[in-house]
Amino acid sequence: MPDGDAEDRVLIAGGGPVGLICALRLSQAGIPVTVFEQEKKILDDPRAATTHPATLEMLEELGIEREVESAGLVAVEFRFWDRPTGELIASFDHGLLADETRFPYVVQCEQFKTSKIVLDKLSAFPECRVLYSHKVTAVRQTKHQVAVTIECPDGIGTFTGRFLIGADGSRSIVRKAMDIEFEGFTYPERFLVLTTPSDFAADRQYVYRNYLADPTEWCNLFKVSGDGPPGLWRAVFPTRVDESDEEALSDVSVQGRLQKFFPKSSDYEITHRNLYVTHQRVAANFVKDRVLLAGDAAHVNNPIGGMGLNGGIHDAMNLVEKLTPIWKGTASIEELARYNLQRRTTAIRFVQAQTVQNKKRLEEKDRNIREANLKELRDIASDPGRAKEFLMGTAMLTSVRDAAKLG
Ligand SMILES: Cc1cc2nc3c(=O)[nH]c(=O)nc-3n(C[C@H](O)[C@H](O)[C@H](O)COP(=O)(O)OP(=O)(O)OC[C@H]3O[C@@H](n4cnc5c(N)ncnc54)[C@H](O)[C@@H]3O)c2cc1C
């Protein structure tokens, strides 16, 4: 393997959706990029699907919104349910945002499909290299340069660039190499994701996005397009704290969980069963000189409300907006402090706060608080002014607009 790819370029650790979107935005700005991805190809595990209006606006700027929308499902509404009684508590319609955004809806598109669309677009940029089976194992920086050590099938080598973006996920080696704290906590329970072709909308009023509150075991229920019609449904449940991975993933437990929520006479066909450890954490700094963090490397949260990847895409757009004039010599490197201020503040004040609250609302055990929470949702949904404000938050439009005003 050639040692010392000493070129003037931006290096990106991690070819997940955030790393690839950083690469596309940089390439569109005429900046040479190398992406290092440890896997052999894009993985298709069932993680993000919900793409909010604020993000669809950014995907449009990137020139990929139409393709993402056609690869996914358009979800205009989402609903809250009281699981023990089966009562529909509140229904929120993104149509209320029609005068705020060109995209008054959510697109349910699996993240690996978005990544594939971005990767395809990157092939039009000869100065962009995406290197699979290339694992970043160490990082060091000087005043003018960043160097990464790479392990790949040809051996071990070093690549250098002017900046490094750590988009290498929650266990980010870049963040660790920079000795940046990942502040927050890890939930004791894990999140179980079950994927099935069973059609939940057929005889119930479920829409493509549903949140079911239950003091003993909450559930999120979503539809994704899968390999095409009729599509797939994903149900997300918390495990019990004392439940082993084997037990949670066993046929008995998987069927039991689904049957408890959505009884039917036969067994469910299960396409995927996945368990995720879930955290609420934010890096103490998103910038260390020439090393920048984005996406899950910078912040992680529970998936209720679908905000993790959306926030990562918002990081990518904000970061490249700051990096481009620095690269072109029309802004100083200090401009990166605004990236940290805007995106870190948003991650803490909005995404962390909102996702923690989303989970509490679904799992609340105290009868009075639970009743008050459900009443509040009913009241908000029945008042168009309040419902619009609520949707501006869930659609992540408020957080993106507020971030732009910081600094
Ligand atoms: C069940 C579940 C449901 C979710 N639903 C949603 C949702 O609906 N909406 C939403 O917005 N978010 C959702 N999320 C969160 C979302 O999946 C993540 O926020 C998203 O994957 C972050 O993208 P990323 O590119 O930052 O990190 P990742 O997707 O983790 O990608 C990081 C990449 O870096 C690579 N890598 C890691 N270490 C190295 C290394 N040392 N060298 C080279 N490469 C490396 C990895 O192989 C990986 O490809 C969900 C998460 C879960 C678990």
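Which elements each supply at least two residues of the lining of the second largest cavity? In this predicted model, they are β4 (50–51), α2, α4 (111–122) and α8. Select A48, A49, T50, T51, T55, L59, C109, Q111, T114, L309, N310 and I313 to display that lining. By class, the lining holds six nonpolar and six polar residues, with no charged ones.

Next, select helix α2 (residues 53–62) together with helix α8 (residues 308–327). Their axes come within 10 Å and cross at roughly 45°, which makes α2 oblique to α8. The crossing is left-handed. To view the contact, show A54, T55, M58, L59, E61 and L62 in α2 against N310, I313, H314 and M317 in α8. The residues of this contact comprise six nonpolar, three polar and one charged.

Then turn to the largest cavity, which holds about 120 Å³ of space. Select F80, Y211, G305, N358 and T394, the closest to its centre among the 14 residues that line it. Two or more lining residues come from each of β6 (77–82), β15 (209–213), α9 (336–363) and α11 (384–394). Of these, α9 gives the most, with four residues. The lining of the largest cavity divides into seven nonpolar, five polar and two charged residues.

Conventions: Residues numbered from 1 in each chain as written. Predicted model: local features only at pLDDT ≥ 70, side-chain atom pairs only at ≥ 80, totals over all residues. Heavy atoms only, no water. Axes fitted to C-alpha atoms, helices over the stretch in contact; angles between N-to-C directions. Parallel < 35°, antiparallel > 145°, perpendicular 65-115°, else oblique. Left-handed = near helix turned anticlockwise from the far one by under 90°. Contact = heavy atoms within 4.5 Å. Nonpolar A, V, L, I, M, F, W, Y, C, P; charged D, E, K, R; others polar. 1 Å grid on protein atoms, 1.4 Å probe; cavity = no way out; pocket = protein on both sides within 12 Å on 5 of 7 lines; lining within 4 Å. Points joined across faces, edges and corners; volume = space filled by probe spheres on them.
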